[in-house]
Amino acid sequence: MSKTKIVSPGEKLGVIEEYIPGSGTYEEDGKIFSSMAGELEIDPKNRSVGVTPSKKPAVPEVGDVVEGIVVGMKEDVALVKIVEIKGKRPLTGDFSAQLHISQVSKDYTKSIFDAVNLNDRILAKVTTGWAPYQLSTVDDDLGVIYATCTKCGGDLVLKKGKLYCTNDNISEKKKISRLYLLKE
Ligand SMILES: [Zn+2]
């Protein structure tokens, strides 16, 4: 496997005597430049040079808002699998994260089960730059955005600030995001 070379916009890639300018490039005074940041692609057979957007996977960084699924519950910690970083390229791998009880809300949270539960879909902010990424759901937009009833598995609907199951006529306590998906 050849090593990929990353080029930046305006970087000189060659001259037209050598190469045919391909996608992601432009020509000026017989020289070929990159028009974007990306990976250099030289095709020796066609003698063409081009640049394609970087395929490097997106990784979570401090301050990113991520969407995740709760995959495990421990005494004071929810284990979360990050499935999307908002505003970034799709993820190619799995990123594990943790939501500690102290990072759930501005208010005191007695039990992590009062905040999230297994399979809940949450929005959270990344607070560390390494795995397992630490998460916070303190902001109003953050917290659970979709959850199902622990009794019947039906959708929970946000009604008067609580998450209700209409089948069982019960509500479940959670740290609910202002962006909860199902509202009455
Ligand atoms: Zn139910």
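This is a walk through the structure above, from its overall outline down to single residues.

Before we start, note that this is a predicted model: local features need pLDDT of at least 70, side-chain atom pairs count only at pLDDT 80 or more, and totals for chains, interfaces and linings use all residues. Residues are numbered from 1 along each chain as its sequence is written.

Let's begin with the big picture. The protein has zero helices and 16 strands. Both kinds of element are DSSP runs numbered from the N terminus, with helices being H or I of at least four residues and strands being E of at least two. The radius of gyration is 24 Å, well over the 16 Å that the globule rule gives for 184 residues, so the protein is more spread out than a compact globule. (That radius is taken over C-alpha atoms, and the globule rule is 2.2 Å times the number of residues to the power 0.38.) Along the principal axes, the C-alpha atoms fill a box of roughly 75 × 30 × 30 Å.

How much of the protein is buried? Of the 184 residues, 26% count as buried. Here a residue is buried if 20 or more other C-beta atoms lie within 10 Å of its own, exposed if 12 or fewer, and partly exposed in between, with C-beta atoms placed from the backbone.

Now for a sheet. Strands of a sheet pair through backbone hydrogen bonds, either parallel or antiparallel. Three strands form an open sheet in the order E2-E5-E4, with antiparallel pairing. Strand E2 (12-15) and strand E4 (25-28) stand at the edges with a single partner strand each, so one side of each is left without a neighbour in the sheet. Two strands count as paired if DSSP finds at least two bridges between them.

Is Ser 34 buried or exposed? It is buried, because 21 other C-beta atoms lie within 10 Å. Leaving aside neighbours within four places in sequence, Ser 34 is in contact with residues including Val 7, Leu 13, Thr 25 and Val 51. Contact here means that the C-beta atoms of two residues, placed from the backbone, lie within 7 Å. Gly 50 is 16 residues away from Ser 34 along the chain, yet their C-alpha atoms are separated by 7.7 Å.

Next come the cores. A nonpolar core is a set of buried Ala, Val, Leu, Ile, Met, Phe, Trp, Tyr and Cys residues joined through C-beta atoms within 7 Å. The largest one has 27 residues, and those with the most contacts inside it are Val 80, Leu 99, Val 116, Ile 122, Ala 124 and Leu 135. Among the strands that each supply at least two residues of this core are strand E8 (65-73), strand E9 (77-85) and strand E10 (95-100). Apart from this core lies another, of six residues, among them Val 7, Tyr 19, Ile 32 and Val 51.

Look at how those strands line up. E8 and E9 pair in the antiparallel sense over seven bridges, and a hairpin joins E8 to E9 through three residues. Val 66 has Ile 85 in E9 as its bridge partner. E9 also pairs with E10, again in the antiparallel sense, over six bridges, and here Lys 81 has Ser 96 in E10 as its bridge partner.

Finally, some backbone details. Most residues other than glycine have a negative phi, and most peptide bonds are trans. Arg 47 has a positive phi, near 55°, and is found in the loop between strand E6 (38-43) and strand E7 (48-53). Arg 47 counts as exposed, with 12 C-beta neighbours inside 10 Å. Asn 169 also has a phi near 55°, and is exposed too, with 7 other C-beta atoms within 10 Å. As for the peptide bonds, a cis one joins Ala 131 and Pro 132, with omega about -10°. Pro 132 sits in the loop between E11 and E12.
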